[in-house]
Amino acid sequence: MNWRDRTHRGDGDRWLIWAVFVLVAAYTLGLLLNGAGPSPLVDIWLGELTQWVPVAVFWVAVVRTGFARGDVLFATLAVTFNAAADTYYVLAMDAGGELPFPSPADFGYLLFYPLMLLALVALVRRQMRGLAWSVLLDSAVGALGAAAVLAAVLGPVLTEAADESAILATAVAVAYPVFDLLLVAAIAGIAAAPGLHIGSSWAFLVGGLVVFAGADVVYALLEVSGTYIVGVPLDAAWALGLALMAVWVDATDRPQRGIVVGARKTPALFVPAVAVAAGLGVLILGTQVVQPVAAVILASLTVSLAAIPLVFRQRLLRRQARTDDLTGLPNRRALYTDAPALLTLSRTPSRQRHSALLLLDLDRFKEVNDSLGHDVGDRLLVLVSGRLAAALPPGARLARLGGDEFAILLADAGEAEATVVALGLRDALAQTFALEGLAVQTSVSIGIALFPEQGRDLSDLLRRADMAMYKAKSGRHGHHVYQSEDDSHGDTRLRTLQDLRLGLTDDQLVVYYQPKIGLQNGEVTGVEALVRWQHPTRGLLLPEDFLDLVEESGLMHALTRIVLTKALDQAVLWHAGGHTLTIAVNISASSLVNVEFPEEVVRMVNARRLPASALMLEVTEDFLMSDRDRARDVLTRLREAGIQIAVDDFGTGYSSLSYLRDLPIDELKLDRSFVLPMTHDARAASLVASTIELAHSLGLRMVAEGVESSVAYDELARYGCDHAQGFFMSRPIPALELDEWLATRHDLEPGAVN
């Protein structure tokens, strides 16, 4: 058979892929057993099946992707024309397996190559625009090096093709090795560009094309020497190439496999280095043995292109040293280099040039990394850097200092100008980002320090802007201009963080409990566990005094484990004493994104031989809405284990309520901001009543928080609310005091609340 290709199949049923490889195995075995020479069973029936079954796979993929993937469509057309040409060859050849050259079959065979090249272009074209010039240069070097070697190998074929007397025959004969050369060059170029993200199955496509081109080369050399015979095992190589490509197309756009990025582990300079070595080899060999002119030209271009970076090496290294690899922004080193020119002190105070430094830190960026992955986090940083650059006034210097921290130097700017810029940046970042099919929202905390009033060099400004930024973050102000008293705040924060780490290991955290009352019968149905910090010098600290610091410092999972341990141990004591109370524990989003968290909680409950329903986990709407798929997975695993789920602070988060339908939830906790005003605000009361009705219509229990008066208690009972929690019944108190409260309450009349 002649220069042919076999491709892979699209999506559809898995049995088609298995059928492809079974046919390849049968075809190979038939060729080995039959020996040289054509065989109708092997070369016609099995051979054609190894062509057309992969074609079916490809067309299934085209249909599955809705004709929207250019790479899949071009590759499908390529293998279809190849299979049609092969069928024509089989039907039109004479008894000796020969066909006039050129023939219509050659037209189909040749179409395979440009169509497959178009498929490769479609696969990478959108990403090529965003790659650095050095990556594109490496890709070109790899392509030229591979082409030089192949041109040297195909020298005899090109020479014989050029000797053809007929113009058409010459053109067709030369086209085959030239197309193979281009195909191998394109593959090498892709392999040399590590910045391309073309999916984890790309290796099967490349492997199939390499096998296919390799079979073409071997066939061409055998044909030149006159030793090729139809029916040799070489024929199976084209079938194997098609089968490998079928694996690639089968994996294309399969939704259950998610979004994958290239996981190629090849060192960045490996392919260009090999290409240069190959080019030098061709040139050196050319001094001893006559090489084709094309091979010498391609090898020379390979070495020449590889030498270009050496000319600009010093400049390139200097630029790389000043540039952030991820975002392309200036880095910390560049900021320190450029700052002196902007921050210059004048001997005449009236002529002093004023500047401002803005230090930006994304809020809750760690949750994006933990829940969606670091790749998504990196893409968010790239998008953020683009928005920041677009929102800045001319002349501003933007730099990425590291992580999710950015700095901006504003020349000729005072407090008013810096504040206006900060507000603009906050507005720019408030718009949602589209990542992994999710609408991700982020916010930013900005600290502002002024030159020369608050610092006479960049180091001083960064230190004070950092203090201002943490003041903005802790106070949730969005931005804050440094003030002298912030120095003590920064020192206090550092001391508090040090004390907090000690407190977690020194058993300084204590748990208070606030009871939940059934409004229809007055019974105590459960308690909420609320953490406190018994600081050795500052006394009892409430959550608002330290929880933000716990979250920022990455200690939330450790704190959650401590609270769960103490709460479950207390539940054991209460259950043993006849109080079968459900204990509710607040769980942060940063704990829930841990994939092992559900199993860890279940182990903790089982180890104490408690019923799983004794524990209720309270989660916020922020977590439920930020990553719906992960929330569904985590909550479903917890619910399947018997653990109850409640939505805390209901009504204060997102406006969309679709998660109530989609996610496994048992209970809603209506935020106190709705409950407190309802006794004197008819609209607030109406909203509370309708929310209770909504919860009941969905089969959910409703708990009202912040009940601080008998009027509110009675109104909630009248509206049909299930449970109430608040100071009117009891403040959060230690376990021993709650025991006394429960004993006193037991002696009261049924329905009493005090």
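Mentor: Residues are numbered from 1 along each chain as its sequence is written. In this predicted model, local features need pLDDT of at least 70 and side-chain atom pairs count only at pLDDT 80 or more, while totals for chains, interfaces and linings use all residues; side-chain values use heavy atoms, with hydrogens and water left out.

Trainee: Why is the aromatic pair of Trp533 and Phe546 called edge-to-face?

Mentor: Rings of Phe, Tyr and Trp (its six-membered ring) pair if their centres lie within 6.5 Å; planes under 30 degrees apart count as stacked, over 60 as edge-to-face and the rest as tilted. Here the centres are 5.7 Å apart and the planes make 80°, so the pair counts as edge-to-face. The structure holds six aromatic pairs.

Trainee: What makes Arg387 count as sitting over the ring of Phe433?

Mentor: The rule asks for NZ of Lys or CZ of Arg within 6 Å of the ring centre and within 35 degrees of the ring normal. The charged end of Arg387 is 3.7 Å from the centre of the Phe433 ring. Likewise, Arg731 lies over the face of Phe727, 4.1 Å from the ring centre.

Trainee: Why is His535 called buried?

Mentor: Buried means under 20% relative accessible area, exposed over 50%, partly exposed in between (1.4 Å probe, protein chains only). His535 has 5%, so the residue is buried. Trp533 and Phe546 are buried as well.

Trainee: Which residues is His535 in contact with, leaving aside neighbours within four places in sequence?

Mentor: Asp499 and Leu541, where contact means heavy atoms within 4.5 Å.
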